[in-house]
Amino acid sequence: MSPVPTIVFVNIFLRSISKIDDYKMEYSVQLTFREQWLDERLKFDDFKGKIKYLTLTESNRVWMPDLFFSNEKEGHFHNIIMPNVYIRIFPYGSVLYSIRISLTLSCPMNLKLYPLDRQICSLRMASYGWTTDDLVFLWKEGDPVQVVKNLHLPRFTLEKFLTDYCNSKTNTGEYSCLKVDLMFKREFSYYLIQIYIPCCMLVIVSWVSFWLDQSAVPARVSLGVTTLLTMATQTSGINASLPPVSYTKAIDVWTGVCLTFVFGALLEFALVNYASRSDMHRDNMQKQRRQCELEHAAQLESDLLEDGGATFAMKPLVRRPGETLTLDKIRQCEVHMQQAQRPNCCRTWLAKFPTRSKRIDVISRITFPLVFALFNLTYWSTYLFREDSDVD
């Protein structure tokens, strides 16, 4: 007949959760830990109910379960003013052990949805040396985990907690294990004020260069470079507070796209500057061509006056170099007339801006905000709807 294992009932009282560190992937908690088990060797006479229980403060006087916190990084007991521990022994041999502990526990996090994420941090308690044949931990019936009222966390909200069992099997046997899963929801308002709104403002400020005159080169260059450097500094500051993970986070998508928009505004000015110089070169060529046409027309007129009326009728039969240019002009006029007959609101609107550089600025004033608004719609709809489905 196999021996009956000792049953240890466990319950805890969460007093505070001081911090949840994303970089180190850990959290700190202070709790009151209680164990209760039956040790028939400690039975005593209560003298007809006169002795309710005996109290000890030294745990080495009685047998204690070898429980340990498997995901603990650091921990300590509290000894101010007196050691915060007691052991109560009841007349029928029941032992109640209570102690206040501060722990720093590991909490592996999935930051793909950061900062729109939820995190599950566990508190695991297991037997170190006794297998389930000798020692079994069970949650106390009723309310095994209690949380202090008005629990305040700086950037998280404790949504709920679940108790479960996590027995582990090794080559030395099966060991009893208890766990509490704490589900934390990240408070988004902090990140909205500190990250998302400033990034939006920087992107909008970079669009101011579209409304500046194309000849204001120092103003547009300094505006583009300043917003680009500020956005890069903002991105590096965000990444400094997060661990270097191998996957892309939601905040990486946001900052990357915002940085791309700011950089695109700077490249747009480079394109405008190039188009402006092309427009100037084209205007100079048109002026020279117009001047040549005027000179050629004047030369033709003078030739006609010198030849007199007798040869005037024969002039049209003689092919002159100027006639080719005149025919080309006629063809161009016919093409323009055909295009003018086809109504097109975009062409009509763009015709108000004669130079290509000005057209690029005007198109950018509409295209950049429209694409950024489309990105916002896609970003928020994607990550807000994935929030609940992607939490393990």
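I took the expected span of a helix as 1.5 Å times one less than its number of residues. Helices (H or I, at least four residues) and strands (E, at least two) are DSSP runs, numbered from the N terminus. The model is predicted: local features need pLDDT of at least 70, side-chain atom pairs count only at pLDDT 80 or more, and totals for chains, interfaces and linings use all residues. Residues are numbered from 1 along each chain as its sequence is written, and side-chain values use heavy atoms, with hydrogens and water left out.

**Helix α1.** I checked its length. With 19 residues at 1.5 Å a residue, α1 should span 27 Å, and its end C-alpha atoms are 26 Å apart, which agrees. I found a kink of about 30° at Y196, shortly before the proline P198. The bend is the angle between axes fitted to the seven residues ending at a residue and the seven starting there.

**Loop residue S209.** I placed S209 in the loop between α1 (188-206) and α2 (217-240). Is S209 buried or exposed? S209 counts as buried because its relative accessibility is 3%. Leaving out residues up to four places away in sequence, S209 touches R220, L223 and A265. Contact means heavy atoms within 4.5 Å.

**Whole chain.** I noted six helices and 14 strands in the protein chain. Of its 392 residues, 35% are buried. Among contacts between residues at least 6 apart in sequence, 77% join residues at least 24 apart.

Methods: Buried means under 20% relative accessible area, exposed over 50%, partly exposed in between (1.4 Å probe, protein chains only).
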